[in-house]
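This briefing covers side-chain contacts and strand pairing in a predicted model. The points below are grouped by topic.

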Amino acid sequence: MRGEPALPPLREVIARHGIAARKALGQHFLLDLNLTGRIARAAGRLDDATVVEIGAGPGGLTRALLAAGACRVVAIERDRRSLAALAELAAAHPGRLDIIAGDALALDPAVLTAAPRLIVANLPYNIATALLLRWLERIGDYRSLVLMFQREVALRLVAAPRSPAYGRLSVLVQWLAQPRILFDVPARAFVPPPKVISSVVAILPRELPLAPASKPALERVTAAAFGQRRKMLRSSLKSLGVAVEPLLAAAGVAPTARAEELSVAQFCALARALP
């Protein structure tokens with residue numbers, strides 16, 4: 001833990017720079033110092049890696065990451081109103097905070113930063129899932145991800161087969177990583193309060209995928225299966241445009257099974273059997 005400079009309260013920074021949260025940007029600022037500190041600590045050791053933060057806003061979590069000993073934080077923020085506030089924070093921590101003005105959906109943190117790296121972020125809700133799916137493309141480039149999602153999305157990430165939340169996102173994430181819900185964050189902790197409970201999720205990349213499969217093939221199979229999740233696979237997989245019965249037989253999957261009943265490994269078997 002480093003000695004930290006005295007900083008003005010976040011509410012004062014927000015007022016001074018006119019950083020009112022914008023719904024269009026999915027902004028809900030987390031100002032509770034206990035919670036931002038808890039998120040930073042959940043990421044583990046920070047002094048030996050580059051910490052990427054998405055949607056830093058006025059810098060609440062950024063402060064916590066720096067206070068937790070991060071040697072380098074790269075904050076990506078598209079809202080130009082927040083850049084001046086983050087610049088003040090960077091000046092208070094010389095050489096430890098870099099600010100990138102831009103849209104996280106158009107940037108690749110693995111290209112912009114040096115390894116080892118991890119992502120710690122209170123993600124904008126409206127792009128959280130899209131961002132995670134992009135990062136899965138190069139999940140091996142990250143030591144870990146500690147991310148805030150709407151609880152509904154967090155439950156989908158960790159869902160097991162035969163549970164209501166289990167779906168395509170569950171399969172794709174669990175194939176490449178081990179997600180775990182760490183704790184929930186109540187709506188009242190944010191400014192303005194969202195209409196949902198949030199959850200902090202740790203995502204640890206696997207050294208190898210859970211089972212062999214081509215990612216494009218796995219995406220095709222899961223899209224078809226969960227696109228009509230109430231139907232038996234002998235019907236839902238017809239949209240693949242291949243002979244379904246031989247496909248299911250090759251994968252060792254019963255034709256009467258439904259998507260929500262299959263394990264990640266079984267979906268991988270279907271992907272491998274896809275012509």
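Glutamate 88 and arginine 16 meet through their side chains in a salt bridge, at 2.8 Å from N to O. Glutamate 88 belongs to helix α4 (residues 83-92) and arginine 16 to helix α1 (residues 10-17), so the pair ties together parts that are 72 residues apart in sequence. The model is a predicted one, and the count of salt bridges in it comes to 13.

**Salt bridges**

- Glutamate 88 is partly exposed, at 34% relative accessibility.
- A salt bridge joins aspartate 79 and arginine 81, with the closest N and O atoms 2.6 Å apart.
- Both aspartate 79 and arginine 81 are buried.
- Arginine 229 and glutamate 260 form a salt bridge in which the closest N and O atoms are 3.4 Å apart.
- This pair links distant parts of the chain, 31 residues apart: arginine 229 is in the loop between α9 and α10 (233-236), and glutamate 260 is in the loop between α11 (244-251) and α12.
- Arginine 229 and glutamate 260 are both buried.
- A network of salt bridges links Arg45, Asp47, Asp48 and Arg143.

**Aromatic pairs**

- The count of aromatic pairs comes to two.
- One of them is formed by tyrosine 166 and phenylalanine 226, with 5.9 Å between the centres and 75° between the planes.
- This pair is edge-to-face, because plane angles over 60 degrees are classed that way.
- Tyrosine 166 sits in the loop between α7 (151-158) and α8 (168-176), while phenylalanine 226 sits in helix α9 (residues 215-227), so the contact ties together parts that are 60 residues apart in sequence.
- Tyrosine 166 has a relative accessible area of 0% and is therefore buried.
- Phenylalanine 226 is buried as well, with a relative accessible area of 12%.
- Phenylalanine 226 also pairs with phenylalanine 267: the ring centres are 5.3 Å apart and the planes are at 35°, so this pair is tilted.
- Phenylalanine 226 is in helix α9 and phenylalanine 267 in helix α12 (residues 264-273), so the pair ties together parts that are 41 residues apart in sequence.
- Phenylalanine 267 is buried, with a relative accessible area of 0%.
- Together, Tyr166, Phe226 and Phe267 make up one aromatic cluster.

**Charge over a ring**

- Arginine 38 lies over the face of phenylalanine 183, at 3.8 Å from the ring centre.

**Strand β9 and its partners**

- Seven of the eight residues of strand β9 (residues 198-205) are buried, which leaves the strand mostly covered.
- Strand β6 (residues 145-150) runs antiparallel to β9 and is joined to it by six bridges.
- Leucine 145 has isoleucine 203 as its bridge partner in β9.
- Strand β7 (residues 177-185) also pairs with β9 in the antiparallel sense, over eight bridges.
- Arginine 180 has alanine 202 as its bridge partner in β9.

How values were computed. Residues are numbered from 1 along each chain as its sequence is written. This is a predicted model: local features need pLDDT of at least 70, side-chain atom pairs count only at pLDDT 80 or more; totals for chains, interfaces and linings use all residues. Side-chain values use heavy atoms; hydrogens and water are left out. Rings of Phe, Tyr and Trp (its six-membered ring) pair if their centres lie within 6.5 Å; planes under 30 degrees apart count as stacked, over 60 as edge-to-face and the rest as tilted. Helices (H or I, at least four residues) and strands (E, at least two) are DSSP runs, numbered from the N terminus. Buried means under 20% relative accessible area, exposed over 50%, partly exposed in between (1.4 Å probe, protein chains only). A charge sits over a ring if NZ of Lys or CZ of Arg is within 6 Å of the ring centre and within 35 degrees of the ring normal. Two strands pair if DSSP finds at least two bridges between them. A salt bridge is a side-chain nitrogen of Lys or Arg within 4 Å of a carboxyl oxygen of Asp or Glu.
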